[in-house]
Structure formats: C-alpha cells, structure tokens
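The sequence and the structure are shown below.

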Amino acid sequence: KLKYMRNSVLDIIREYNVSLAGIRVAESNSQNMDVCRLHIEGVIQEAFSSSSVKNYFVGRKRSISSRLNISTTDFDDYLKGKQNYDLVLNWEVCKTSVSRESVFVALGALS
C-alpha cells in the first residue's frame, strides 16, 4: 500500500510539475498516534525529497499558524468556520475543516 501511495504521489508531482508542496502532519503530543498515518506521512515526505519538488513544508498547527502570522486560537476558529480568512478569495467555497486546513498548508508552503 505504501509503495502504491509513493508512486501515486510521484506521478502527481511529475504530471503537474509540482515545485512547492506541503503536508500537514500529526501533532507530536497526540494521545492516539495512528501508526498507519505516520507511515503514510513518511512516504509522502520521502517522495517529496526524492522528486522534482524544490521546497516542501511539513507543518503542525503551531508551525502553520506561525507562517501565516495568526494565533492558534484564530487558526482553530478558521477551521471551524467561525471566521472567514479574508486573504483567500472565495474562502466560503471551503466548506469543511479539512479543505480549510489544506488551504492553510498550501499557504504555509508558499511562505
């Protein structure tokens, strides 16, 4: 499964000429660490490092917030939909916390 995941990530990187990337990783203080998730995160990071990606960002909540110059409290409010992030056009299109977090990781990779 991990080999398939790696090959899929590398195919996407090649097909779309990805040069910047970001990945949201599990919090280090998580009580319920999912070993499968950790393996997948590692495979994706390895794929980034062994591909044409020039720069990639590996972020947790605090590092993402820091790169975007927002507090972790505001970060949580943005993810929950309590606030609109005005620096992103059409923020309202991101209807789930997962999609909002993906946007933040992408912005973190650009920073």
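Asp76 counts as partly exposed, at 23% relative accessibility. Its salt-bridge partner is Lys61, with 3.2 Å between the closest N and O atoms. The model discussed here is predicted. A search of the whole structure finds six salt bridges, and the largest pocket holds about 270 Å³ of space.

- Asp76 lies in helix H4 (residues 72–80) and Lys61 in helix H3 (residues 61–67), so that the pair, 15 residues apart, links distant parts of the chain.
- Lys61 is partly exposed, with a relative accessible area of 25%.

- In helix H1 (residues 2–15), Asp11 and Arg14 are three residues apart, about one turn of the helix.
- The closest N and O atoms of Asp11 and Arg14 are 2.9 Å apart in their salt bridge.
- Asp11 is partly exposed at a relative accessible area of 43%, whereas Arg14 is exposed at 53%.
- In helix H2, Glu41 and Arg37 are four residues apart, about one turn of the helix, and their side chains meet in a salt bridge with an N to O distance of 2.6 Å.
- Arg37 counts as partly exposed at 35% relative accessibility.
- Glu41 counts as buried because its relative accessibility of 7% is under 20%.

- Leaving aside residues up to four places away in sequence, Glu41 touches Ile23, Arg24, Val25 and Ala26.
- Arg24 is itself linked with Glu27 and Glu101 in a network of salt bridges.

**Lining of the largest pocket**

- The residues that line the largest pocket include Arg24, Arg37, Glu41 and Glu101.
- Also in this lining are Gly22, Ile23, Ile40, Ile44, Val98, Ser102, Val105 and Ala106.
- Strand S1 (20–24), helix H2 (35–49) and helix H5 (97–110) are the elements that give two or more residues to the lining.
- Helix H5 provides the largest share of the lining, with five residues.
- By residue class, the lining divides into six nonpolar, two polar and four charged residues.
- Glu41 and Arg37, which form a salt bridge, both belong to the lining of the largest pocket.

Methods: Residues are numbered from 1 along each chain as its sequence is written. This is a predicted model: local features need pLDDT of at least 70, side-chain atom pairs count only at pLDDT 80 or more; totals for chains, interfaces and linings use all residues. Side-chain values use heavy atoms; hydrogens and water are left out. On a 1 Å grid over the protein atoms alone, a cavity is a set of points where a 1.4 Å probe fits but cannot get out, and a pocket is an open set with protein on both sides within 12 Å along at least five of seven lines; lining residues have an atom within 4 Å of a point. Grid points are joined across faces, edges and corners, and a volume is the space filled by probe spheres set on the points. Ala, Val, Leu, Ile, Met, Phe, Trp, Tyr, Cys and Pro count as nonpolar, Asp, Glu, Lys and Arg as charged, and the others, Gly among them, as polar. Buried means under 20% relative accessible area, exposed over 50%, partly exposed in between (1.4 Å probe, protein chains only). Contact means heavy atoms within 4.5 Å. A salt bridge is a side-chain nitrogen of Lys or Arg within 4 Å of a carboxyl oxygen of Asp or Glu.
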